[in-house]
Structures are given as C-alpha cells and as structure tokens.
Amino acid sequence: MPKQSFLAAALGLLALLSPGLAADVPQHTMLSKAESEPWHGVGRVNILHRNQRSMCTGTLLAPDIVLTAAHCLTHKGTGAEFKPGEVHFVAGWHKGSFTGHSRAAAISVHPNWTKAGKGTAAALGADIALIRLAEPIGQGAATHFDLGDPPLPGAPVTLISYRRDRAHALTMQSDCRYRAVIDRVMTLDCNVIEGASGSPVFLIEDGVPRVVAVLSAKDRAGKKAYATRVDGALADLLGTLSN
C-alpha cells in the first residue's frame, strides 16, 4: 500500500466536542501555574458557534497572530469557516486566571484544507490556520514563539496543549518522538487527547523552543499522532490575513 494511502487509512481526526478515552499520561506532565509561565503563548482557542462550544489549542507567533489547526476553525459538518467573532483566544489560562485574551479580527484557513477530502493525507498536510487578533497580546503577557525546521526522524519533540481531560491547565508531553514524514505530515509516537488539536509541536534546542508543526490528528488506537509541518505554509496565510 502506498504511504499516502496507509496514512489516510490510519487517520481519525481529533474530535472537538465528543469525549475521548484518556490515555495513561503521567500526572506530573500537567504544569503548575509557575511551570506554565514560559508557555503562556500557548493558549486556548475557544469557539462559540450559535449554541455550540468547542475548544482547541493555539500558539502566539506575534502579538496579534495565533497559529492553530484548520479543522479547529471550520464547522465539522459543513466545512464552513467560523466567523471571527465566534473565535476567542485566551493566553496563560490556568484554572480561571489568564494573562491576556482577544477575539479574532480575521482568520485564514489553508485553502487546500477544504478542497481535499476529509481524512486524506492531502487534507492533513493542509490542516493549518492563522488567527489575527483584534487586540494584540504583548510579550509581557505571553511569549511569542518562533518557527523552526523539522528535525531528522528519531528526534524528540515536545507537545504543549490544553487537553480535553485537562482543559484548564497546560499539559507538557516531552516523551513524543518524531518518527517519519509523509509529504507535509509528521508522524509522532505520542498519545494525544481531544482538545489538543492545534497544539504546537516544539523542537527544543539549546533551551530554545521553536514550533515545527501543528497537531492535527491521531490514529484510531490513540498511540500515534499526526502533525502538519509549518515550514513553507504560513506565507500565503499571512498574506490572506493582511488583505
């Protein structure tokens, strides 16, 4: 079976609303308020669409730019983009407190996300989006992270997320390992939980974290995760936001 077909057959997109089975992740990976401080630029993306609520994770790349997954900003049934007013980013959220927040002024979803069939490798490789905030969030309130190039397969990567089962505090998973890449999709040996969609995949070198991918999906067994590479995909999205 071709690699692309194998990948498509294995995928199950992370659900935004339906509950999932919690994996056995050590409790110490849930960060305390003090431990969360360097990661305040990783925040919650909250969606209120009519009477429906959902959440994902997003990452500040600049005071007014948030990186997340395309499927977080599109309706699961129709594929239509949510309106900016329905999207709210909260930085530094920890059990009721936060360091900054803003509603979206504009969103930009990768055009190939809606063109490709759901669950295909092509769609997964385009599962990336940007949010432009109405009110910038400065460095004093939350860290803005730089992008990096994906490492060689076998390298450890770190996932920071607001998981569905720990929705009010950040969880760090530093036991994830990058195994392979197929087109624009990175395969990770990593248990992930609903809500972690859109989470940044960090490569940490010399103590400096850089975002190399955005968490998009998991396999049906929950033992592997799939992330969309950020290199080369953001220039067009930024151009759309500026229009």
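Trainee: In this predicted model, which residue of β11 does L159 stand opposite?

Mentor: The residue facing L159 belongs to β11. Strand β8 (residues 156–161) and β11 pair in the antiparallel sense over two bridges. Within this pairing, the residue that stands opposite L159 is V201.

Trainee: How many bridges join strand β11 to β12?

Mentor: Strand β11 covers residues 200–205, and β12 runs antiparallel to strand β11. One of the pairs places V208 of β12 as the bridge partner of E205. The number of bridges that join β11 to β12 is six.

Trainee: Which residue takes a positive phi in the hairpin of β11 and β12?

Mentor: The hairpin of β11 and β12 has two residues between the strands. A positive phi near 55° occurs in this hairpin, and the residue that takes it is D206.

Trainee: Is strand β12 largely enclosed by the rest of the structure or largely exposed, and how many of its twelve residues are buried?

Mentor: The criterion for a buried residue is under 20% relative accessible area. Strand β12 (residues 208–219) is largely enclosed by the rest of the structure, because the count of buried residues among its twelve is nine.

Trainee: What is the bridge partner of V214 in β13?

Mentor: Strand β13 spans residues 224–229, and β12 pairs with it in the antiparallel sense over five bridges. In β13, the bridge partner of V214 is T228.

Trainee: Which residue of β4 is the bridge partner of A62?

Mentor: Strand β3 (residues 52–62) and strand β4 (residues 65–68) run antiparallel and are joined by three bridges. The bridge partner of A62 in β4 is I65.

Trainee: Which strand gives the most to the lining of the second largest pocket?

Mentor: About 220 Å³ of space lies in this pocket. Its lining includes R44, N46, R53, H88 and R164. Strands β2 (42–49) and β3 each supply at least two residues of the lining. With four residues, the strand that gives the most is β2.

Trainee: Is H94 buried or exposed, and what is its relative accessible area?

Mentor: H94 lies in the loop between β5 (87–91) and β6 (100–109). A residue counts as buried under 20% relative accessible area. H94 is therefore buried, and its relative accessible area is 10%.

Trainee: Leaving aside neighbours within four places in sequence, which residues is H94 in contact with?

Mentor: L31 is one of the residues in contact with H94. The two are 63 residues apart in sequence, and their C-alpha to C-alpha separation is 9.2 Å. With neighbours within four places left aside, the residues in contact with H94 are L31, S32, K33, S36, H168 and A169.

Trainee: For contacts in the chain with a separation of 6 or more, what percentage comes from residues 24 or more positions apart?

Mentor: The secondary structure of the chain comes to five helices and 13 strands. Among contacts with a separation of 6 or more, the share from residues 24 or more positions apart is 69%.

Methods: Residues are numbered from 1 along each chain as its sequence is written. This is a predicted model: local features need pLDDT of at least 70, side-chain atom pairs count only at pLDDT 80 or more; totals for chains, interfaces and linings use all residues. Side-chain values use heavy atoms; hydrogens and water are left out. Two strands pair if DSSP finds at least two bridges between them. Buried means under 20% relative accessible area, exposed over 50%, partly exposed in between (1.4 Å probe, protein chains only). Contact means heavy atoms within 4.5 Å. On a 1 Å grid over the protein atoms alone, a cavity is a set of points where a 1.4 Å probe fits but cannot get out, and a pocket is an open set with protein on both sides within 12 Å along at least five of seven lines; lining residues have an atom within 4 Å of a point. Grid points are joined across faces, edges and corners, and a volume is the space filled by probe spheres set on the points.
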